[in-house]
Amino acid sequence: MDTSPALYEEKAALLKALAHPLRLQIVRGLLECGCRNVRCMEEKTGQSQSCISQHLSKLRAAGVVQAERSGNEVYYTVSDPRAAAVVAALMGDREEDTL
């Protein structure tokens with residue numbers, strides 16, 4: 001069992017990236033609905049484009065989500081299976097239903 005401080009730092013960074021209600025909602029929405037753009041997230045959450053973009057930036061920096069451009073749109077997907085597992089466990093979802 002790895003008990004190195006670096007391992008705990010890595011796990012804490014993932015939890016920190018997910019430790020906001022809107023970021024949890026964004027990640028869960030991506031897991032449930034697949035690839036999404038900011039406009040769809042605005043409609044789903046009721047939050048502004050700038051607010052969602054700020055939270056997506058934090059999720060991207062932590063490696064939780066990735067973005068892919070298609071024309072003028074940017075589509076986001078969850079790129080970290082550990083994040084998917086954490087969100088599924090927190091929300092009481094079955095992980096296999098969210099991947």
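Guide: Start at Thr 77, which lies in strand β3. The model is a predicted one, and what follows is computed from it. Thr 77 has a relative accessibility of 25%, so it counts as partly exposed, since buried means under 20% and exposed over 50%. Ala 67 is ten residues away along the chain, and its C-alpha atom is 6.6 Å from that of Thr 77. With neighbours within four places in sequence set aside, Thr 77 is in contact with Leu 30, Cys 35, Val 64, Val 65 and Gln 66.

Next comes Tyr 76. Under the same exclusion of neighbours within four places, Tyr 76 is in contact with Leu 30, Gly 34, Cys 35, Arg 36, Val 38, Met 41, Leu 56, Arg 60, Val 65, Gln 66 and Ala 67. The largest nonpolar core has 21 residues, and Tyr 76 is among those that touch the most other members, along with Leu 18, Ile 26, Leu 56, Leu 59 and Val 64. At least two residues of this core come from each of α1, α2, α3, α4, β3 and α5. The largest share, five residues, is supplied by α2.

An α-helix has 3.6 residues a turn, so residues three or four places apart point the same way. At 1.5 Å a residue, the 13 residues of α2 should span 18 Å, which agrees with the 18 Å between its end C-alpha atoms. After α2 comes Gly 34, with a positive phi near 80 degrees.

Terms used:
Residues numbered from 1 in each chain as written. Predicted model: local features only at pLDDT ≥ 70, side-chain atom pairs only at ≥ 80, totals over all residues. Heavy atoms only, no water. Core = buried A, V, L, I, M, F, W, Y, C linked by side-chain atoms within 4.5 Å. Buried < 20%, exposed > 50% of the residue type's maximum accessible area, 1.4 Å probe, protein only. Helix = DSSP H or I, 4+ residues; strand = E, 2+ residues; numbered from the N terminus. Contact = heavy atoms within 4.5 Å. Expected span 1.5 Å × (residues − 1).
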